[in-house]
Structure formats: C-alpha cells, structure tokens
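Student: I am new to this structure. Could we go through how its features get their labels?

Tutor: Gladly. Ask about one label at a time.

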Amino acid sequence: MGERSRGITISDVAAHAGVSPASVSRVLNGRTSVDPDIVRKVQSSIATLGYAPSLVARSLVHGRNTTVAMVVPDLENPLFQGILKGLSLAAAADGYRVLVADTAERVDDEEAIAIEARQRCDALVLCAPRLPEAKLRRLVERTAPVVIVNRPLPDLDVPVVGVDYVRGIRDLVDHLVGLGHRRIAYVSGPETSASNAERLRGVDEALAMHPSVRIDLIAGGSRPEDGEAVADAVVEAHRAGVTAIIAFNDLVALGLLARLRELGVHVPGELSVAGFDDVPMARYATPRLTSMSVPRAEIGAQAWERLRTLIGGGPAPHAVLFRPRLETRESTTAPAAAGASA
C-alpha cells in the first residue's frame with residue numbers, strides 16, 4: 001500500500017516488464033516501431049501497477065496539454081452557456097477539456113484575459129469578443145490558434161462560426177409586418193457588440209424591403225435588468241404609436257416583459273414583444289416569447305471542429321453562418337386584434 005502511494009514511475013514499469021525505460025516511453029507515445037511483444041509486456045505492467053502518465057510531463061514533451069479555453073463576455077447569458085456545452089462535449093470526445101474565462105463585459109480587460117487564458121492551454125475560442133477590430137486582429141495573431149464565434153473578421157485567415165443576425169432580424173420584421181404591424185421599435189444591445197451592429201444592418205435592410213414600416217431605435221443592453229430599465233421608454237414609444245418591440249436578445253425581452261406586467265401593459269394585447277436566441281426560458285415566459293432560434297450547441301461543436309483542425313496544423317477551415325429559425329409564440333399577435341392604440 002505504501003509503495004503504491006509513492007507514485008509509480010516509468011522506471012517501475014520498465015523494471016516490472018523487464019524492458020528499458022526508453023521502451024516504455026516509446027509505447028506510451030504510440031510509436032509503431034516497437035516490437036509487439038514489448039508492447040504487450042509494457043501494457044500488462046501498466047495495468048498491474050496502476051501506472052498513470054503525468055499530464056504535466058506529457059504536455060512538456062508534446063507541447064500540448066489537451067486543454068482549450070473559451071472567452072465569453074457574459075457567462076450568465078444562456079446563449080453562451082449553450083455554445084460552451086456544445087464545445088465541451090465535442091472537445092471531450094477528442095480527449096480535450098475546456099476552460100472558461102468570463103470578461104463580464106469589461107472590454108478593457110478582454111485582451112489581457114484572453115492572453116492569460118491562451119498561456120494556460122493549446123488554443124482559444126473567442127466568443128462574441130467586444131474588442132475594437134484593430135485590437136482584435138492583433139490579439140488573434142498573437143494567440144493563434146483561435147476560432148472566433150459571432151464576430152465577422154473580413155480578410156483575416158481565422159475560422160469564424162456565427163449567426164446570420166442580419167437575416168434573422170429581417171425574418172422577425174417580416175413576421176411582425178405579416179401580422180399587420182407598421183410601427184416597430186428595436187431595443188438595441190451593447191454598443192461594443194458586433195452582433196448588435198449586424199442586427200442594425202438587418203433593421204436597415206428590413207426598412208428597405210418594407211417602405212411603409214417605421215422602426216424606432218431604443219438604447220438597451222444585453223441583460224434582463226436592461227430590459228427592465230428600458231420599459232418606460234418602451235411605454236412612451238407605445239403611446240406614440242409603436243405596436244411591436246424587437247429586443248436585442250431574449251434576456252432583454254424577458255426583463256421587459258416582467259416590467260411591462262408591473263406597469264399594467266398587456267402583452268400582446270397592447271404591445272407585441274419578440275426576442276432573439278430562443279433561450280430555454282423563452283418558452284416558459286408569460287406570455288411565451290416569440291424568438292429567433294439559434295443552434296447554440298451546434299455552434300460550439302462547429303467551433304471545436306475548426307479548432308481541432310488548427311491544433312493539428314491544418315489550414316484555416318471556411319467560415320460557417322447559421323440562419324436563425326423563427327419560433328412563433330403568444331407574445332406577438334396582430335395589432336388590430338389586440339386593439340392597439342393609435
């Protein structure tokens with residue numbers, strides 16, 4: 001018992017198998033040139049002695065520690081949680097583990113956090129990075145291999161996995177216009193969010209497609225408390241004729257729904273509200289929230305596929321952009337049927 005607690009070494013395995021430590025090392029490293037009889041002896045001794053190779057030592061030898069990191073701006077957001085789950089499951093199937101670093105929307109800290117995370121692992125996934133583009137490009141070059149999620153970086157040889165937010169907003173506006181809405185307001189996300197910029201592009205394209213529609217902009221954020229905080233501005237917009245709201249994401253929409261209920265504004269009787277991302281809570285909201293569904297786990301899995309290629313020394317895989325799917329629920333309805341104010 002005391003001997004086992006000392007920690008079995010390669011030398012112990014070699015002595016037990018009657019071979020040299022170098023032979024044991026070659027077997028552990030998967031060298032195909034080792035005599036099959038020696039391989040069997042070493043494997044038998046490893047099983048008998050309960051030997052486990054040191055991960056630290058192996059990482060020093062191979063230059064890898066089979067760990068990658070994902071840097072997110074807000075780990076409380078279910079969108080990022082879903083992406084992390086997809087990434088973790090896919091990476092685990094290849095023997096990798098995922099560390100997580102949350103920047104808590106602190107843009108000034110994002111670069112330093114990403115660099116520190118990269119020093120502890122083999123590669124990075126930067127999820128919805130908020131850095132200005134010039135700084136982000138320098139960071140990507142410094143910390144490669146890197147995969148970017150939800151942030152376009154034109155003319156840079158780095159894999160990007162994302163969501164077509166432009167098309168998603170257009171589809172959501174089409175849905176509301178189809179219900180009869182002509183005055184809509186968009187509650188925007190963080191100014192540093194690239195996906196918010198893409199959503200605003202979607203707003204512009206939707207306006208071009210629907211000349212009779214007006215879409216107002218209301219400054220918001222990305223968290224439930226931002227939705228609560230913007231409720232008074234939404235009520236004022238409703239009094240001015242707005243009949244439908246598109247929130248930056250579901251979290252903002254959920255916070256807004258809660259506050260509107262406190263203010264006595266009926267959804268969708270007086271005002272339709274839609275979100276984006278289709279997080280798990282959306283279907284349990286009161287009323288259940290109309291949203292654009294995003295394949296969170298698949299985004300994470302695709303990020304891993306691309307990262308694995310880069311870790312193996314392969315070329316940067318092509319970008320992939322997922323089109324969101326409209327999930328229509330009870331929070332949106334026709335303004336005429338709702339008896340919306342003029």
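Student: In which strand is valine 160 found?

Tutor: Valine 160 is found in strand β5, which covers residues 160-163. Keep in mind that this is a predicted model.

Student: Why is valine 160 called buried?

Tutor: Buried means under 20% relative accessible area. Valine 160 has 12% relative accessibility, so valine 160 counts as buried.

Student: Which residues are in contact with valine 160, leaving aside its neighbours within four places in sequence?

Tutor: They are Ile148, Arg151, Leu153, Ala319 and Val320. Contact means heavy atoms within 4.5 Å. As for alanine 316, it is 156 residues apart from valine 160 along the chain, and the two C-alpha atoms are separated by 9.5 Å.

Student: What makes serine 188 buried or exposed?

Tutor: Its relative accessibility is 13%. The cut-off for buried is under 20%. Therefore serine 188 counts as buried. Serine 188 is found in the loop between β6 (183-187) and α10.

Student: What does serine 188 touch, not counting residues up to four places away in sequence?

Tutor: Serine 188 touches Asn196, Ile218, Ala219, Gly220, Gly221 and Phe248.

Student: What makes arginine 120 buried or exposed?

Tutor: Exposed means over 50%. Arginine 120 has a relative accessible area of 53%, so arginine 120 is exposed. Arginine 120 is found in the loop between α7 and β3 (123-127). Its contacts, leaving aside neighbours within four places in sequence, are Asn65 and Leu99. Arginine 259 is 139 residues apart from arginine 120 along the chain, and their C-alpha atoms are separated by 43 Å.

Student: Why is alanine 104 called partly exposed?

Tutor: Partly exposed lies in between the two cut-offs, under 20% and over 50%. Alanine 104 has a relative accessible area of 32%, so alanine 104 is partly exposed. Alanine 104 is found in the loop between β2 (97-102) and α7 (107-119).

Student: Where is aspartate 278, and is it buried or exposed?

Tutor: Aspartate 278 is in the loop between β9 and β10. Its relative accessible area is 4%, so aspartate 278 is buried.

Student: What kind of peptide bond joins valine 267 and proline 268?

Tutor: A cis peptide bond, with omega about 5 degrees. Most peptide bonds are trans. Proline 268 lies in the loop between α13 (250-262) and β9 (272-274). The bond from threonine 286 to proline 287 is cis as well, with omega near -5 degrees. Proline 287 is found in the loop between β9 and β10 (291-293).

Student: Which residues touch the most other members in the largest nonpolar core?

Tutor: Met70 and Trp304 do, out of 47 residues in that core. The largest share of this core, seven residues, comes from α6.

Student: How do you know that this core lies between domain 2 and domain 3?

Tutor: Domain 2 (67-163 + 296-323) and domain 3 (165-294) both give residues to this core, so the core lies between them. Apart from it lies another core, of 24 residues, among them Ala253, Leu256, Leu257 and Ala282.

Student: How many cavities of 30 Å³ or more are found in the whole structure?

Tutor: One. About 90 Å³ of space lies in the largest cavity.

Student: What lines the largest cavity?

Tutor: The lining has 14 residues, with Leu79, Phe80, Arg130, Ser195 and Phe248 nearest the centre. They divide into five nonpolar, six polar and three charged. α6 (78-93) and α10 (194-209) each supply at least two residues.

Student: Which domains supply at least three residues each to that lining?

Tutor: Domain 2 (67-163 + 296-323) and domain 3 (165-294) each do.

Definitions and conventions:
Residues are numbered from 1 along each chain as its sequence is written. This is a predicted model: local features need pLDDT of at least 70, side-chain atom pairs count only at pLDDT 80 or more; totals for chains, interfaces and linings use all residues. Side-chain values use heavy atoms; hydrogens and water are left out. On a 1 Å grid over the protein atoms alone, a cavity is a set of points where a 1.4 Å probe fits but cannot get out, and a pocket is an open set with protein on both sides within 12 Å along at least five of seven lines; lining residues have an atom within 4 Å of a point. Grid points are joined across faces, edges and corners, and a volume is the space filled by probe spheres set on the points. Helices (H or I, at least four residues) and strands (E, at least two) are DSSP runs, numbered from the N terminus. Ala, Val, Leu, Ile, Met, Phe, Trp, Tyr, Cys and Pro count as nonpolar, Asp, Glu, Lys and Arg as charged, and the others, Gly among them, as polar. Domain bounds come from an automatic or database domain assignment. A nonpolar core is a set of buried Ala, Val, Leu, Ile, Met, Phe, Trp, Tyr and Cys residues joined through side-chain atoms within 4.5 Å. Buried means under 20% relative accessible area, exposed over 50%, partly exposed in between (1.4 Å probe, protein chains only).
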